[in-house]
Amino acid sequence: MIKDKIDNNEKLTYRDTIALALIPTLAQDHIAEKVTEEVCHLIEKYQFNDNNLRSNICFIIDVMIDRNIRDKNKQKELREELNMEETRTIIRKLIEEENKDALKEKDRIIEEKNKELEEKDRKLENINSIINNKNIDEKAKVNVLSSLIIAK
């Protein structure tokens with residue numbers, strides 16, 4: 001029915017376009033590759049009025065291409081036919097943009113933790129220098145270390 005509508009240049013309903021995207025997900029394994037290819041050709045042939053809808057449908061089909069098409073060259077051909085490289089680039093940029101703030105926050109936390117570790121390293125170096133200093137008697141070392149522990 002959907003194929004006939006597209007062949008006759010009829011407008012698809014929203015339900016039709018969703019069904020078109022879902023067809024490869026329902027195809028039995030032995031025909032899944034052929035069905036996925038045919039759906040790609042139908043999507044390429046149909047004149048979508050809504051580019052967002054087309055992008056969403058193509059995103060679903062892109063996943064089905066990975067799942068149902070074994071031949072890497074055929075996958076590439078179908079993606080080119082659907083202009084999926086452009087869509088994938090847009091999606092990649094959106095994901096990077098969405099994660100930019102999270103990455104900045106992660107970097108800030110890492111830097112903060114590094115500063116804390118550096119401070120602890122300096123304290124340990126001071127303690128080691130006191131412990132290893134042969135010019136300070138043992139009782140003074142214990143008093144200094146005890147005061148450091150109490151101050152902490």
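**Exercise 1. Helix 3 and helix 5**

In this predicted model, the axes of helix 3 (residues 29–45) and helix 5 (residues 72–81) come within 9 Å and cross at roughly 20°. Classify the relative direction of helix 3 and helix 5, and identify the residues that make the contact.

*Solution.* 
1. Angles under 35 degrees count as roughly parallel.
2. With a crossing of roughly 20°, helix 3 is therefore roughly parallel to helix 5.
3. The crossing of helix 3 past helix 5 is left-handed.
4. Helix 3 contributes Glu37, Cys40, His41 and Glu44 to the contact, and helix 5 contributes Lys74, Leu78 and Glu81.
5. Sorted by class, the contact of helix 3 with helix 5 has 4 charged, 2 nonpolar and 1 polar residues.

**Exercise 2. Helix 3 and helix 4**

*Solution.* 
1. Helix 4 spans residues 51–68, and its axis lies 10 Å from that of helix 3, at an angle of about 150°.
2. On the helix 3 side, the contact is made by Asp29, Ala32, Glu33, Thr36, Val39, Cys40, Ile43 and Glu44. On the helix 4 side, the residues are Arg54, Ile57, Cys58, Ile61, Met64, Ile65, Arg67 and Asn68.

**Exercise 3. Helix 2 and helix 4**

*Solution.* 
1. Helix 2 (residues 14–26) packs against helix 4 at an angle of about 10°, with the axes 8 Å apart.
2. From helix 2, the contact includes Tyr14, Ile18 and Leu20, and from helix 4 it includes Leu53, Ile60 and Met64.

**Exercise 4. The whole chain**

Which secondary structure elements make up the protein, and how does its radius of gyration compare with that of a compact globule?

*Solution.* 
1. The protein has 7 helices and 0 strands, in the sequence pattern α-α-α-α-α-α-α.
2. Its radius of gyration is 32 Å, whereas a compact globule of 152 residues would have one near 15 Å.
3. Along the principal axes, the C-alpha atoms fill a box of roughly 100 × 30 × 25 Å.
4. An unreviewed UniProt entry lists residues 92–134 as "coiled-coil region".
5. In the model, residues 92–134 are 95% helix and 0% strand, with the end C-alpha atoms 61 Å apart.

Conventions
Residues are numbered from 1 along each chain as its sequence is written. This is a predicted model: local features need pLDDT of at least 70, side-chain atom pairs count only at pLDDT 80 or more; totals for chains, interfaces and linings use all residues. Side-chain values use heavy atoms; hydrogens and water are left out. Axes are lines fitted to C-alpha atoms, for helices over the stretch in contact, and angles run from 0 to 180 degrees between N-to-C directions. Helices (H or I, at least four residues) and strands (E, at least two) are DSSP runs, numbered from the N terminus. Angles under 35 degrees count as roughly parallel, over 145 as roughly antiparallel, 65 to 115 as roughly perpendicular and the rest as oblique. A crossing is left-handed if the near helix is turned anticlockwise from the far one by less than a right angle, and right-handed if clockwise. Contact means heavy atoms within 4.5 Å. Ala, Val, Leu, Ile, Met, Phe, Trp, Tyr, Cys and Pro count as nonpolar, Asp, Glu, Lys and Arg as charged, and the others, Gly among them, as polar. UniProt positions are given in the numbering used here, feature names are shortened, and annotations may be inferred rather than shown by experiment. The radius of gyration is taken over C-alpha atoms; the globule rule is 2.2 Å times the number of residues to the power 0.38.
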